[in-house]
Amino acid sequence: FVNGLLVEGNVRVLIGNLGKLRLDHCTLAPGFGGLAVNPSITPGMQNDRLEVTLNRSVVEGVELAALTPVLAITDSVLDRPAGISIAAPGAEVSIDASTVFGQTNVRSLEASTSIFVEPVTVERRQTGCIRFSYVPDGSRTPRRYRCQPDLALTGIVDPNAAAAIHARMTPVFTSTRFGDPGYLQLSEQCAGEIRTGAEDTSEMGVFYHLKQPQRMANLRLAVDEYRPFGLESGIIFVT
């Protein structure tokens, strides 16, 4: 169990028979390294019962050995653009309320309220499900439920209209540079279907837990109710 560490380098699980590894509130700084489980051909030293959990963490990428069976990711960022963020060829993977910048290659997948910026490839597509998430073109996944841009493309047959929807639905972030205050925060210019696309109309991705759309709606109601007569009000975001 690792909690609250900033690591500028790789975290590597050596060959062995570890049962669980959990990272809570940790940062494995993008650009410096990620989490990897070493492969082994020695029986009893293959970490074939290892369960890896990432919770509210920022990690450049995760690379599991072929026999590592479980990977669970919650409220986290995987940030390896132009590379493979998640490589788990033998794992049952669950991803909830997370943002994945980079490709995802896994054995099976259950995902909800997440943003996959680059294509997802799942070996066992007959099991699992992706719900209320953004999944880009070129992905091979299990069944999807109320995902974007699938939902917006329902009933669209005109190729030009479909291309326009794809362009509008591409996630837009305040910043994609690690360390910036708005790192991987959805921009106001991002499509509303993504900013309110979660099951409870919160935003998809790692900031789901902030419930920003609900906060904004409550603020607008409160401002209208208590605004002095004759005045106008508006919300100005800090930049």
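1. In this predicted model, Glu-63 stands opposite Ala-87, a residue of strand β11. The pairing to which these elements belong joins strand β9 (residues 62-63) with β11 in the parallel sense, over two bridges.

2. Strand β11 spans residues 77-96 and is also joined by two bridges to strand β8 (residues 58-59), the two running parallel. Here the residue opposite Val-59 is Leu-78 of β11.

3. A further partner of β11 is strand β10 (residues 70-74), which runs parallel to β11 and is connected with it through five bridges. Within this part of the model, Thr-74 has Asp-96 of β11 as its bridge partner.

4. Strand β12 (residues 99-112) is likewise parallel to β11, and twelve bridges join the two. As one example to look at on the display, Ser-94 has Glu-110 in β12 as its bridge partner.

5. Turning to the cysteines, how many disulfides does the structure hold? There are zero, and for Cys-147, which is in no disulfide, the nearest cysteine sulfur belongs to Cys-129 and lies 7.1 Å away, whereas a disulfide would require the two sulfur atoms to be within 2.5 Å. Cys-147 is buried, its relative accessible area being 1%.

6. Cys-190 is in no disulfide either, and the nearest cysteine sulfur to it, that of Cys-147, is 15 Å away. Is Cys-190 buried or exposed? With a relative accessible area of 2%, Cys-190 is buried.

Methods:
Residues are numbered from 1 along each chain as its sequence is written. This is a predicted model: local features need pLDDT of at least 70, side-chain atom pairs count only at pLDDT 80 or more; totals for chains, interfaces and linings use all residues. Side-chain values use heavy atoms; hydrogens and water are left out. Buried means under 20% relative accessible area, exposed over 50%, partly exposed in between (1.4 Å probe, protein chains only). Two strands pair if DSSP finds at least two bridges between them. Helices (H or I, at least four residues) and strands (E, at least two) are DSSP runs, numbered from the N terminus.
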